[in-house]
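Student: Could you take me through this model by question and answer, giving the cut-offs behind each term as we go?

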Amino acid sequence: MASYKQIFGTNIEVLASDPANPVQGQVWYNSTSNVVKGAAATTAGAWATGNNMNTVRRTLAGAGIQTAALGIGGQSPNFANVESYDGTSWTEVNDLNTARNANTAAGTQTSALTFGGEPVTSATESWNGTCWSTVNGLTTARKLAGGAGEDNTSALAFGGFVSANPGVANTENWNGTSWTEVNDLNDARYGLGGAGKLSASALAFGGGFPPFKATTESWNGTCWSEVNDLNSGRNYLGGAGTQTSAIAFGGANPSVTAVTETWNGTSWTEDTDLNTARYQLGNAGANNASALAFGGEDAPAGDTAATEEWTGAGAPLIQTFTDS
């Protein structure tokens with residue numbers, strides 16, 4: 001039988017402690033714990049419980065990434081509260097000028113935009129990392145819209161609720177000064193999820209009430225095209241990421257769900273559920289490997305301040321080998 005060295009061209013390292021940054025496939029003997037270990041990668045994503053928000057709320061907006069996020073507005077009652085997440089804990093920062101819920105947000109922790117909300121409004125506010133400023137409103141007042149965008153100078157608003165079902169298909173582009181109507185969604189809806197870090201590259205998914213939709217559409221900067229559906233149709237869901245690497249989580253259809261799906265640019269794949277099923281939640285995230293879920297309604301328990309951090313498949317994992 002060939003030895004490990006004959007197969008791989010090297011002996012198993014003997015180390016007093018695990019290496020700080022092992023590479024996938026690396027194997028070593030830990031002389032302190034007297035076990036053989038190796039570096040592998042996770043085969044499925046997972047949600048980990050983080051520290052709660054300071055204010056319990058639902059129907060709030062979120063912006064940023066997992067380690068640098070904003071939770072904006074929400075209810076009940078309508079809140080102007082804004083909280084900042086540093087990857088460990090939430091801190092209260094300066095309030096919105098207009099308290100609201102069912103608003104949408106786009107951008108980063110230091111440069112964000114929030115727009116629309118309940119009561120149905122066109123109000124838009126810009127965040128510079130310190131305070132909020134009222135800027136030009138949406139062309140179409142609405143709540144429960146989808147959103148995408150890079151920062152407070154570039155954003156996209158799509159869908160939403162104006163006054164009656166099934167919602168609207170209106171899409172608007174923000175150029176840092178004003179909103180301009182552009183081509184509509186193919187499927188009018190509200191309570192939908194959105195992803196995209198550029199206003200010229202976005203994804204819209206889910207929504208509707210009823211029926212609860214699985215429809216997914218991709219934006220190329222000019223128009224929307226239908227692409228592969230979610231596996232689980234739902235509304236009031238969370239969404240984050242980019243046009244080619246997104247994540248959808250939670251929502252209702254009609255029962256509250258913990259279902260999580262990841263998007264690879266072509267299709268959706270069901271992955272590990274949220275620890276707490278909820279809808280009308282806040283969301284942030286860079287892609288389908290790193291996201292944040294916070295707040296929302298955890299029926300039948302009610303509104304929650306719970307925070308969960310998502311790590312997608314492929315994350316580093318240290319495996320201990322045994323003889324069993």
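Student: How many bridges join strand S14 to strand S15, and in what direction do the two strands run?

Tutor: This is a predicted model in which local features need pLDDT of at least 70 and side-chain atom pairs count only at pLDDT 80 or more, while totals for chains, interfaces and linings use all residues. Residues are numbered from 1 along each chain as its sequence is written, and side-chain values use heavy atoms, with hydrogens and water left out. Strands here are DSSP runs of E with at least two residues, numbered from the N terminus, and two strands pair if DSSP finds at least two bridges between them. Strand S14 (residues 154-158) and strand S15 (residues 171-174) run antiparallel, and the number of bridges joining them is 4.

Student: Which residue in S15 is the bridge partner of alanine 155?

Tutor: Strands S14 and S15 belong to an open sheet of 4 strands with antiparallel pairing, in the order S13-S14-S15-S16. Its edge strands, each pairing on one side only, are strand S13 (146-151) and strand S16 (179-182). Within S15, the bridge partner of alanine 155 is tryptophan 174.

Student: By what angle are neighbouring strands of this sheet turned against each other on average?

Tutor: The axes are lines fitted to C-alpha atoms, and angles run from 0 to 180 degrees between N-to-C directions. For neighbouring strands of this sheet, with direction ignored, the average turn is 20°.

Student: Which kind of aromatic pair do tryptophan 263 and tryptophan 268 form?

Tutor: The structure holds 14 aromatic pairs, where rings of Phe, Tyr and Trp (its six-membered ring) pair if their centres lie within 6.5 Å, and planes under 30 degrees apart count as stacked, over 60 as edge-to-face and the rest as tilted. Tryptophan 263 and tryptophan 268 lie 5.2 Å apart, centre to centre, with 45° between the planes, and the pair is therefore classed as tilted.

Student: Are these two tryptophans buried or exposed?

Tutor: Buried means under 20% relative accessible area, exposed over 50%, and partly exposed in between, with a 1.4 Å probe and protein chains only. Tryptophan 263 has 2% relative accessibility and tryptophan 268 has 6%, so both count as buried.

Student: Over which ring does the charged end of arginine 57 sit?

Tutor: A charge sits over a ring if NZ of Lys or CZ of Arg is within 6 Å of the ring centre and within 35 degrees of the ring normal. The charged end of arginine 57 is 5.9 Å from the ring centre in question, which belongs to phenylalanine 79.

Student: Which parts of the chain does the salt bridge of glutamate 308 with arginine 278 tie together?

Tutor: The closest N and O atoms of glutamate 308 and arginine 278 are 2.8 Å apart. Glutamate 308 is buried, with a relative accessible area of 2%, and arginine 278 is buried at 0%. The pair ties together parts 30 residues apart in sequence, because arginine 278 lies in the loop between strand S24 (268-270) and strand S25 (282-287), whereas glutamate 308 lies in strand S29 (residues 307-311).

Definitions and conventions
A salt bridge is a side-chain nitrogen of Lys or Arg within 4 Å of a carboxyl oxygen of Asp or Glu.
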